[in-house]
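Here is a protein to look at, with a set of questions about the words used to describe it. Each answer sets a value against a cut-off and then concludes.

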Amino acid sequence: EKSIEQFLKDNNISYVTIKLIKEGISNANYLIDNRYVLKVPYDRRFSRVRKETVDLENICFKNFLSPEVVAYDEENGFLLTKYIPNLRILNAQNTNYFEIKNIVEAIKKYHRIKADIPKLDYEKLLDSYRLKINPKERIYNSKLTYSNIFEGEYELSHFDLVDNNILLDSNSNVTLIDFEFACYAPKYFDLVSLLGENRFSKEIEEMIIDIYFDNKEEKNEFLAKKDELLAIADLLWYHWAKARSLSPFADKKKIYLSIAKDKKESLEQYSKTS
């Protein structure tokens, strides 16, 4: 296992200070000399730093949507990006029209990017997590796994639009981070991710949907698919969280189990109404 110091040395990064700036549920982030941010995974088995996602992130950088990647290490999951000062995490419960408009426009701009990145293999990704957990805790739902949604239109998706991955500056300009799950996924997956992974009020949710769609036909198409798309996402993230809960980090285990509980409850609610 390569050390942080060796990784930086290998990439000709000299430094004076390294300090922890943020502990996520999957990664720790270190600020290096106020120039770079280094993301280090807690569990390398779940790291998804890949050349194609790094290339995508640098395309996004050129489109003013993300930080520039300086170096990475697939085996150890290290990702070194340029530091952008004075960014704050989206606060879904304390946001406004201007922020929401900028976030939606940034996501739609991202969807227009052309990238050499794989199409989602949902069943394979789902099984990669499901097979890591106790068979008694696995959830099988063929209606979701083989949904006809997977036969429809695909678009470039970030795939993980939680609040921690949506950063804003003082002018509400948007920076997206953590492209590890990026892929071509069924149309509207990102919109469902944005709505489902953040605790927006009902009013803000309606605002997001109204801003996102230019015409009523597409909006109605989304509303017809919304619950099924959300359930497809929940089935995946339930197994991801359960698998991650086996981590040796006790404090993170509670967070993963809480996520899994929320996703399971959401799936049960979907089953009752579908």
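Q: What makes two residues count as being in contact?
A: Their heavy atoms lie within 4.5 Å. This model is predicted, so keep that in mind throughout.

Q: Which residues of helix α6 and helix α8 meet by that rule?
A: From α6 come Phe189, Leu191, Val192, Leu195 and Gly196. On the α8 side they meet Phe222, Lys226, Leu229, Leu230, Ile232 and Ala233. Sorted by class, this contact holds nine nonpolar residues, one polar and one charged.

Q: Which other value describes how α6 and α8 pack?
A: The distance between their axes, which is 9 Å. Two packed helices are described by an angle and a distance between axes.

Q: Why is Tyr212 called buried?
A: Tyr212 sits in helix α7. Its relative accessible area is 8%. Buried means under 20%. So Tyr212 is buried.

Q: Which residues does Tyr212 touch, leaving out those up to four places away in sequence?
A: Tyr212 touches Val104, Lys108, His111, Glu155, Tyr188 and Leu191.

Q: Which residues of α7 are buried, and what covers them?
A: Helix α7 covers residues 202-212. Its buried residues are Ile204, Glu205, Met207, Ile208, Ile209, Ile211 and Tyr212. Their cover includes α3 (97-111), β7 (154-157), α6 and α8.

Q: Why is Asn29 called buried?
A: The relative accessible area of Asn29 is 13%. The cut-off is under 20%. So Asn29 counts as buried. Asn29 lies in strand β2, residues 27-32. Beyond residues up to four places away in sequence, Asn29 touches Lys19, Leu20, Ile21, Lys22, Val37, Leu38 and Lys39.

Q: Is Asn12 buried or exposed, and how do you know?
A: The relative accessible area of Asn12 is 73%. Exposed means over 50%. So Asn12 is exposed. Asn12 is placed in the loop between α1 (4-10) and β1 (18-23).

Q: What is the phi of Asn12?
A: Near 55 degrees. That is a positive value in a residue other than glycine. Asp33 also has a positive phi, about 55 degrees, and is not a glycine. Asp33 is found in the loop between β2 and β3 (36-41).

Q: How do you know that the protein is as compact as a globular protein of its length?
A: The secondary structure comes to nine helices and ten strands. The radius of gyration is 19 Å. For 274 residues the globule rule gives 19 Å. The value is close to the rule, so the protein is as compact as a globular protein of that length. Its C-alpha atoms fill a box of roughly 55 × 45 × 35 Å along the principal axes.

Q: How much of the protein counts as buried?
A: Of its 274 residues, 50% do. The accessible surface comes to about 14,200 Å². Of this surface, 47% belongs to carbon and sulfur atoms.

Notes
Residues are numbered from 1 along each chain as its sequence is written. This is a predicted model: local features need pLDDT of at least 70, side-chain atom pairs count only at pLDDT 80 or more; totals for chains, interfaces and linings use all residues. Side-chain values use heavy atoms; hydrogens and water are left out. Axes are lines fitted to C-alpha atoms, for helices over the stretch in contact, and angles run from 0 to 180 degrees between N-to-C directions. Helices (H or I, at least four residues) and strands (E, at least two) are DSSP runs, numbered from the N terminus. Ala, Val, Leu, Ile, Met, Phe, Trp, Tyr, Cys and Pro count as nonpolar, Asp, Glu, Lys and Arg as charged, and the others, Gly among them, as polar. The radius of gyration is taken over C-alpha atoms; the globule rule is 2.2 Å times the number of residues to the power 0.38. Buried means under 20% relative accessible area, exposed over 50%, partly exposed in between (1.4 Å probe, protein chains only). Accessible areas come from the Shrake-Rupley method with a 1.4 Å probe; for residues, only the protein chains shown count as cover.
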